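I opened this entry to record what I looked up about a pocket, some helix packing and a pair of aromatic rings. My notes follow in the order in which I went through them.

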Amino acid sequence: MTHLNLEDQFQAKIDAETKIEPKDWMPEAYRKTLIRQISQHAHSEIVGMLPEGNWITRAPSLRRKLILLAKVQDEAGHGLYLYSAAETLGANRDELVQQLLTGKAKYSSIFNYPTTSWADIGAIGWLVDGAAIMNQVMLTRASYGPYARAMVRICKEESFHQRQGYEIMMTMAKGSPAQKQMAQDALNRWWWPSLMMFGPKDDDSAHSEQSMKWKIKRKSNDELRQQFVDVTVPQAEYLGLTIPDPDLQWNEDRGHYDFGEINWEEFWNVVKGNGPCNRQRIQARVKAYEDGAWVREAAVAYAEKKDQRKLVSPKAQAEAA
């Protein structure tokens, strides 16, 4: 059977909506694309804990503190699911983490912006997690089985995150004038970075066309971005808040909202590591990795000790006891 036949059979399975599983044959380019995308997704979940984590101790009530703590824990779990999914493709988790810590691997640009007020926690839940859901619901139908199945659980949890963010924004928008202004300010600062979360324009996206052929992605960056705008604008109107885009208007002919041009120079600048918090985020992850070295060492020592015990006969164990 020739290599070409294998590739034809592989594409036929994808076209037939048959999931690709870890032991199935796959083109090396497919494997590498998945490892890159899944690991970047995992990195984003882990780094995404940082902008919100520093508000756990400053939450305005015990209820808010508990909800935020649970959300950050969810994000840690999402990272673990995704690293595990990448491992089914033969990736080494330690190597993936090192790529993040050294700046070789990317993560979502949105997490390189600072959270300067409690309203930012609401904006992140509403906008950032809302944008993430737009992306991730499509991934529940990705052609690679372990990735698609991980995304089912992640999307269910993200939907709660989005709701808690919107509820924070609603509470503030209906509160005092100062609270409503905080909510508006947060929307002003997070709107455009949220639109950037969908990635570059389709014409500038290096991987989109092939990923859609392989059905790793189901919709293009620009399609998902438009869908997000169409869903989110009425939500902002309900809150009584204003989207910070003077070009935003409903287009009856298209059946969609027209919106202004994203600052792509800012987008690429942040992606390249020059955003407001890029260095701070990586420094925090490096410190966490170094501080956790003793835990990894203890786990390895325990595993080795357990393996050694298996090699000793039950009689010898009893005599040693």
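I began with the lining of the second largest pocket in this predicted model, and found that α4 (62-87), α5 (93-101) and α12 (278-291) each supply at least two residues of that lining. The lining counts 15 residues, and I wrote down Ile-46, Leu-80, Tyr-83, Val-97 and Arg-285 as the ones closest to the pocket centre. Sorted by class, the lining of the second largest pocket has ten nonpolar residues, one polar residue and four charged ones.

On the α2 side I listed Ile-35, Ser-39, His-43 and Val-47 in the contact, and on the α5 side Leu-96, Val-97 and Leu-100. The classes of the contact of α2 with α5 are five nonpolar and two polar residues, with no charged ones. I marked Val-97 in my notes, as this residue is in the contact of α5 with α2 and is also among the lining residues closest to the centre of the second largest pocket.

My next entry concerns α8. Helix α6 (residues 118-139) packs with helix α8 (residues 177-196) at an angle of about 35°, the axes being 9 Å apart, and I noted the crossing of α6 past α8 as right-handed. The contact includes Trp-118, Ile-124, Trp-126 and Leu-127 of α6, and among its α8 residues are Met-182, Leu-187, Trp-190, Trp-191 and Ser-194. By class I recorded 14 nonpolar residues, one polar and two charged in this contact of α6 with α8.

I followed α8 to another partner, helix α10 (residues 221-239), where the axes come within 9 Å and cross at roughly 145°. Here α8 contributes Trp-191, Ser-194, Leu-195 and Met-196, while α10 contributes Arg-225, Phe-228, Val-229 and Thr-232. The contact of α8 with α10 has five nonpolar, two polar and one charged residues.

Last, I looked up the aromatic pairs, of which the structure holds eleven. The one I examined joins Trp-126 and Tyr-166 edge-to-face, at 5.6 Å centre to centre with 65° between the planes. This pair links distant parts of the chain, as Trp-126 lies in helix α6 and Tyr-166 in helix α7 (residues 145-173), 40 residues apart.

Definitions and conventions. Residues numbered from 1 in each chain as written. Predicted model: local features only at pLDDT ≥ 70, side-chain atom pairs only at ≥ 80, totals over all residues. Heavy atoms only, no water. Axes fitted to C-alpha atoms, helices over the stretch in contact; angles between N-to-C directions. Helix = DSSP H or I, 4+ residues; strand = E, 2+ residues; numbered from the N terminus. Left-handed = near helix turned anticlockwise from the far one by under 90°. Contact = heavy atoms within 4.5 Å. Nonpolar A, V, L, I, M, F, W, Y, C, P; charged D, E, K, R; others polar. 1 Å grid on protein atoms, 1.4 Å probe; cavity = no way out; pocket = protein on both sides within 12 Å on 5 of 7 lines; lining within 4 Å. Phe/Tyr/Trp six-rings, centres within 6.5 Å; stacked < 30°, edge-to-face > 60°.
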